[in-house]
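User: I have a chain open here and want to talk through its layout. Can you take my questions as they come?
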Amino acid sequence: MPGLFGILSLGSRSLQTQQSGIEVAGHNIANANNTGYTRQRLLVQATSQAGGQYGSIGTGIEGVAVQQLRDVLLDAQITSETSISGSLDAQQTALQQAQASLGEQLDRLASGTDSTNAIGNTHSLSTGLSDLFNAFQTLANDPTSPSARQSVLLKAQSLGGQFNQIKTRFDELDKQLNQSVGSDVQSANQLMSDIAKLNGQITANEAGDPGSANDLRDLREQKLEALAKIVKVDVANGSNGAVDLSIGGVSMVSGKSVADTLQTVDPGNGRLLVQAAGAGTTLNMTGGSLHGTIDARDSAIANTESQVNALAAAMIKEVNAVHATGFSQGGTSGNDFFTGTGAGNIAVNNALVVNPSLIQASGDATAAGNNKVALALAQLGTKPFASLGNQSFAQNYSATVASLGSSLNTVNNQIGDQGVVTQMLKAQRDSSSGVSLDEEMTDLTRYQKAYQASARLINTIDDLLDVALSLKR
């Protein structure tokens, strides 16, 4: 039979339980603006019954545990989608930098706008190509004109400088992307180290009380999502509350130990890849910013660089081949128009720059006014070449620009679609795991009233004990 002292203990336990409920509600309210926080609630249960005069009587309530309202499956989905978002964001950034390096208006090309209007930048390579062949045409109209010859050289020098500048910019972009890969590798290694430490702390804190290290679990989840933003990671629940991580099939974190780390490696072409340092295995990554950076660099950007270089090489070869058939104003020949082998070193032959009369515009050594070769040089602007896929110089360059623009446009569309998916999943998590101030204020009021009632119960029992004791006086 509980008796008055038993009821007093019941009231005391109730006070402690309601106080714990107020503490949990207060903790939730304090973290209302913490995006990485998962709402908690106090789990309670009735205490064991005791025998009474009229049967078993309850002995009150007690708190059992503080539980997170976490949806593990939803967390796993968000982690996976975060890797996709990280890859797309990195691709977008890299392709936008390539767009800036190329100096062309890619958006209208990618959407199918006429290339003549879409790449109208007066300082662009496409404009430089047009200007050079127009200058050759002007020279063909007046082969002996010093100003026409000077104009050809100036336009050719400008075009060569544009090729050189694009090559320099893309080389710098490759360096920046390599630096980004290296920075991401360092960040990923630090996050894996942090997760291993948190595994150890969670295991220690939950010894004998599984699932109780709620705030540590929140912090670990934030670290996992930050890691997923960098690299696609496979997560497996380990023992004692720990998680095990692997990347590309290679174990990286096992319990509280870091099993392996990431490192960059140069395969020989100057474009860094990522491998597991201990296993020595080059990782085939499928998500995260590391994947996005490497994929954009080694596909769309590398293809653009290659095509621009091939265009420059074709320009050098074809212009020189026609120029070699002509004669200068003095009847001499043997001077190339361009020097170099590609976009990085294409330049106008300095001998011509010093002496414009050496431009071999005539088709007759004895007729300085002949325009046969100058006309042939001008016609190169519209001639298709097998080495360029049976396209002219301008058509080939427009196709190169459009290809890069199409890649960027595709990524932009994918980011838009991915944003919808990510927002939907996060909204679902917020609805189940996020803090609702309205709900917490309701719980706070409920616990407050229960606490006041428990205190009133104790006061009542105190009064009854006074009455009982007064009977003995």
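Predicted model: local features only at pLDDT ≥ 70, side-chain atom pairs only at ≥ 80, totals over all residues.

User: What do the buried residues of H5 pack against?
Analyst: They pack against helix H6 (146–205), helix H8 (288–323), strand S12 (338–339), helix H10 (372–379) and helix H11 (393–433).

User: Which residues of H5 are buried?
Analyst: Leu 125, Ser 126, Thr 127, Gly 128 and Leu 129 are buried, and so are Leu 132, Phe 133, Ala 135, Phe 136, Leu 139 and Ala 140.

User: How many residues does H5 have, and how far does it reach?
Analyst: H5 covers residues 125–141, which is 17 residues. From first C-alpha to last it reaches 25 Å, close to the 24 Å expected at 1.5 Å a residue.

User: Now H12. Which residues are buried there?
Analyst: Glu 440, Tyr 447, Ser 454, Ile 461 and Leu 465. These buried residues pack against helix H1 (3–30) and strand S1 (40–46).

User: And what span does H12 have?
Analyst: H12 has 34 residues, 437–470, and its first and last C-alpha atoms are 49 Å apart.

User: Stepping back, how many helices and strands are in the chain?
Analyst: The chain has twelve helices and 13 strands. Its radius of gyration is 38 Å, well over the 23 Å from the globule rule for 473 residues, so the chain is more spread out than a compact globule.

User: What box do the C-alpha atoms fill?
Analyst: Roughly 145 × 45 × 30 Å, taken along the principal axes.

User: What share of the chain is buried?
Analyst: Of the 473 residues, 40% count as buried. The accessible surface is about 22700 Å², with 50% of that belonging to carbon and sulfur atoms.

User: What about contacts between residues at least 6 apart in sequence?
Analyst: Among those contacts, 67% join residues at least 24 apart.

User: Charges next. How far apart are the mean positions of the positive and negative ones?
Analyst: They are 2 Å apart, with 29 positive and 41 negative charges in the chain.

User: Last one, Asn 390. Where does it lie?
Analyst: Asn 390 is in the loop between H10 and H11. Its phi is near 55 degrees, a positive value in a residue other than glycine.

User: Is Asn 390 buried or exposed?
Analyst: Asn 390 counts as exposed because its relative accessibility is 59%, and the cut-off for exposed is over 50%.

Conventions. Residues numbered from 1 in each chain as written. Heavy atoms only, no water. Helix = DSSP H or I, 4+ residues; strand = E, 2+ residues; numbered from the N terminus. Expected span 1.5 Å × (residues − 1). Buried < 20%, exposed > 50% of the residue type's maximum accessible area, 1.4 Å probe, protein only. Contact = heavy atoms within 4.5 Å. Rg over C-alpha atoms; globule rule 2.2 N^0.38 Å. Areas by Shrake-Rupley, 256 points an atom, 1.4 Å probe, with all protein chains shown as cover. Lys, Arg positive; Asp, Glu negative; His and termini not counted. Charge placed at Lys NZ, Arg CZ, Asp CG, Glu CD.
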